[in-house]
Amino acid sequence: MLTREQAHAIIEKALSYSTFPECEISVNSSERAFIRFALNEVTTSGFTVEPSMNITSARDGKTGSTRVDEFDDSSLREAVKRAERLAEIAPPNPERVPPLEPQKYPELENYAASTAAARNQAMIPHIKAVMDGARSNHLVGAGFFERSAETAAIANKQGNFGYGRVTDAGLSATIRDAAGASSGWASQPAVAIEGIDGAAVAKTAVDKCLRWKDPKRLEPGKYTVVLEPTATGDLVQMMGFSMQARAAEEGRSFLSRKGGGTLAGEKLFPEFITLRSDPFNKLYSALPWGGGGFGFGFGRGGGGLPAARMAWIENGVVKNLFYDRYWAAKAGKEPTPSPAHLVLEGGNKSLAELIASVDRGLLVTRFWYIRVVNPQTAQVTGLTRDGVFLIEQGKVTGPAMNFRFNQSPVEMLKNTVALGRPVRVRGGEGQGMIAPPIVARDFSFTSVSDAV
Amino acid sequence: MNLVENAQRIREEVIEHLNAPPVTPGKKDLVLMPSHLWLTIHESIGHSTELDRALGFEANFAGTSFLTTEKLGKYRVGSDLMNIWGDRTTERGLATTGFDDDGVKATKFPIIEKGVFKHYQTIRDQAHLIGEHESRGCCYADNWASVPFQRMPNVWLEPGKEGTSLDDLIGAVDDGILIDGDGSFSIDQQRYNFQFGGDAFWAIKNGKKQGMISRVAYQSRTSDFWQACDLIAGPAYWQQWGAPNDGKGEPEQINSVSHGCSPARFRQINVIQTD
């Protein structure tokens with residue numbers, strides 16, 4: 001893993017080979033350790049150490065990019081030359097923005113040395129706990145434990161330089177009965193590996209599997225739903241992509257106003273809905289930059305502007321739209337942080353209290369295979385997975401078969417009537433977020449799925 | 001890709017699509033072009049016939065499969081017209097190779113024969129688990145740091161009889177939709193229930209292609225859908241499409257795969273009106 005000094009020295013070396021007026025560099029050093037298991041046995045494990053450097057050179061609006069994973073003088077010199085050769089043959093990029101002047105990055109580091117040091121010995125007890133939980137109930141466990149650590153630096157020829165370190169860990173488990181007739185799931189992401197509790201993951205997933213036996217076929221239609229935090233996050237994280245000012249101004253988003261303009265400043269949601277980006281939240285490990293563009297990976301580095309908090313929806317009002325540096329300059333606005341590290345603020349109610357508040361509805365563990373159907377309404381389709389339960393008169397009365405839904409998370413938040421305590425979640429797809437359990441009315445299920 | 005040649009047509013279609021009336025939902029006959037049907041093949045047949053999924057090795061992420069091992073050799077997935085091949089030897093196929101990452105020579109094998117499920121996609125580690133004596137050459141890792149595992153070969157649908165035309169498919173439809181290109185796509189973790197949109201939709205009334213319609217998606221169950229297939233256009237219409245970014249495994253790995261087919265007709269599929 002590269003220290004700040006090492007990263008700085010490598011970047012300075014690469015920049016010294018640049019002959020173009022613009023050269024932007026990001027350097028990463030990452031370590032990843034993982035164990036995968038299925039059928040109550042470990043199936044694969046791995047440990048990778050991967051350095052990489054991305055170089056973008058530009059002249060007269062023409063850009064060329066390359067990537068290199070060896071940092072000796074010869075490799076760096078050749079890589080910079082390659083980026084310049086590619087720029088020479090590229091057409092000018094009409095949306096190229098000027099290189100950043102030196103930035104003042106915040107002191108932002110939530111790096112767990114324990115996570116970075118962890119290898120299989122740290123993960124195995126938790127995986128064993130999941131398998132023991134499955135075996136002792138005559139069930140079958142599958143899952144994945146991964147921890148990662150990364151150092152990253154960005155710099156350019158104009159003298160900007162930033163350095164950061166991040167760690168993350170996550171355990172997920174699916175528990176099925178031997179006949180494949182029931183399934184339960186649980187997941188736990190954490191910055192520090194000590195935050196992972198295999199026994200707790202096992203207990204939740206086993207309990208779900210045991211309770212989701214012989215699910216009843218219910219008619220599709222509109223239901224009040226109680227979404228567990230992962231289910232909330234699965235849908236609300238999709239809204240991050242929808243916050244782009246450009247899409248809104250061009251009429252392509254739910255934030256487009258009919259006839260032109262955007263819905264920024266409008267109160268679209270109940271008073272208690274606040275959705276923000278917060279890279280400083282201690283449940284996240286974030287880099288000190290993260291705004292102004294999608295370069296260096298969505299949500300990782302943005303356009304290289306300093307990381308900052310940003311409210312997208314505040315007390316029900318559309319507070320801000322995401323402006324990258326190009327669109328901000330065109331629209332005469334300031335660029336904003338990227339819509340990553342999302343937090344949907346919650347309340348104080350427990351999941352049990354939310355369930356107790358519902359006369360008739362469905363409790364949903366999580367969603368799967370969610371894809372955009374119509375970006376102008378944010379409508380998405382997908383399916384429930386690993387536990388759906390009927391709620392009657394405030395009590396869970398039995399399992400229900402999975403459903404396909406066609407539903408906009410925007411409409412879902414408009415129809416939300418209660419929020420519980422937020423936690424960090426990561427479902428089957430996407431980066432996850434910090435989300436509470438919610439109660440929402442009129443959630444649209446359109447067909448039944450036989451899948452278990 | 002003939003981008004310049006197609007630009008004017010696409011422009012006109014975009015304008016027509018934006019002003020097209022929404023579909024009236026209900027059961028309709030669908031005529032699906034290769035630019036669209038390849039993805040339905042990929043999701044409903046390509047993934048459901050992966051042996052590692054059927055055995056439970058992918059249970060935590062991609063999921064399992066409705067095609068469990070006791071169905072091998074006897075389960076009817078589709079109509080008699082349905083013949084689907086796993087094939088790593090296809091000309092210009094994205095998953096075409098000489099040898100797989102186990103070192104097994106690339107093969108071509110029937111996955112569905114006359115509508116019946118005949119073979120899984122297999123690798124050396126797992127073929128013996130279903131009593132087979134050799135792998136079908138479907139092992140692949142996307143990177144030096146990735147563990148090789150079972151990935152999808154090119155999976156393609158055999159064309160119909162020589163001389164069967166697109167007009168033949170459309171001509172016997174009273175109330176249907178012609179769908180071209182990809183749209184939204186989603187399928188459950190056992191590959192039963194799916195929903196597909198598309199890029200362009202034309203109404204078919206009384207055997208004739210009409211103007212464009214909009215806000216179309218169809219939902220079905222894999223075996224219901226393929227059993228509703230009653231005509232496939234001939235070899236002259238066969239085209240190969242594909243995905244460069246098919247995801248599977250933990251850590252997730254990417255695979256590139258091609259799917260060829262001719263236009264095909266599916267009777268009385270549930271069509272919904274999207275937002």
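In this predicted model, 27 residues of chain B are in contact with 42 residues of chain A. Strand 9 of chain B gives the largest share of chain B's side of that contact, three residues. The model scores ipTM 0.95 and pTM 0.96.

**Where chain B touches chain A**

- Three strands of chain B each supply at least two residues of the side that touches chain A: strand 9 (185-187), strand 10 (193-196) and strand 13 (216-221).
- By class, that side of chain B holds 11 nonpolar, 13 polar and three charged residues.
- Chain B averages a pLDDT of 97. In chain B, 100% of the residues score at least 70.

**Two domains in chain A**

- Chain A is divided into domain 1 (4-210) and domain 2 (214-287 + 339-452).
- Taken over C-alpha atoms, the centres of domain 1 and domain 2 of chain A are separated by 27 Å.
- The two domains meet through 20 residues of domain 1 of chain A, in contact with 17 residues of domain 2 of chain A.
- On the domain 1 side, strand 5 (161-177) and strand 6 (183-190) of chain A each supply at least two of the touching residues.
- Strand 5 of chain A gives the most to that side, with six residues.
- The side of domain 1 of chain A that touches domain 2 of chain A is made up of eight nonpolar, 10 polar and two charged residues.

**The nonpolar cores**

- The largest nonpolar core has 199 residues.
- Those with the most contacts inside this core are A:Ala173, A:Ala205, A:Val226, A:Leu362, B:Ile84 and B:Ile177.
- Strand 4 (residues 139-156) of chain A provides the largest share of this core, 10 residues.
- Domain 1 (4-210) and domain 2 (214-287 + 339-452) of chain A both give residues to this core, so the core lies between them.
- As general background, nonpolar side chains tend to be buried together in soluble globular proteins.

**A closer look at B:Ile177**

- B:Ile177 is one of the residues with the most contacts inside the largest nonpolar core.
- Leaving aside neighbours within four places in sequence, B:Ile177 is in contact with B:Lys28, B:Leu30, B:Phe201, B:Trp202, B:Ala203, B:Ile204, B:Ile213, B:Val216 and B:Val271.

Conventions:
Residues numbered from 1 in each chain as written. Chains lettered and ligands numbered in written order. Predicted model: local features only at pLDDT ≥ 70, side-chain atom pairs only at ≥ 80, totals over all residues. Core = buried A, V, L, I, M, F, W, Y, C linked by C-beta atoms within 7 Å. Buried ≥ 20, exposed ≤ 12 C-beta atoms within 10 Å, placed from the backbone. Helix = DSSP H or I, 4+ residues; strand = E, 2+ residues; numbered from the N terminus. Domains from an automatic or database assignment. Contact = placed C-beta atoms within 7 Å. Nonpolar A, V, L, I, M, F, W, Y, C, P; charged D, E, K, R; others polar. pLDDT = per-residue confidence, 0-100.
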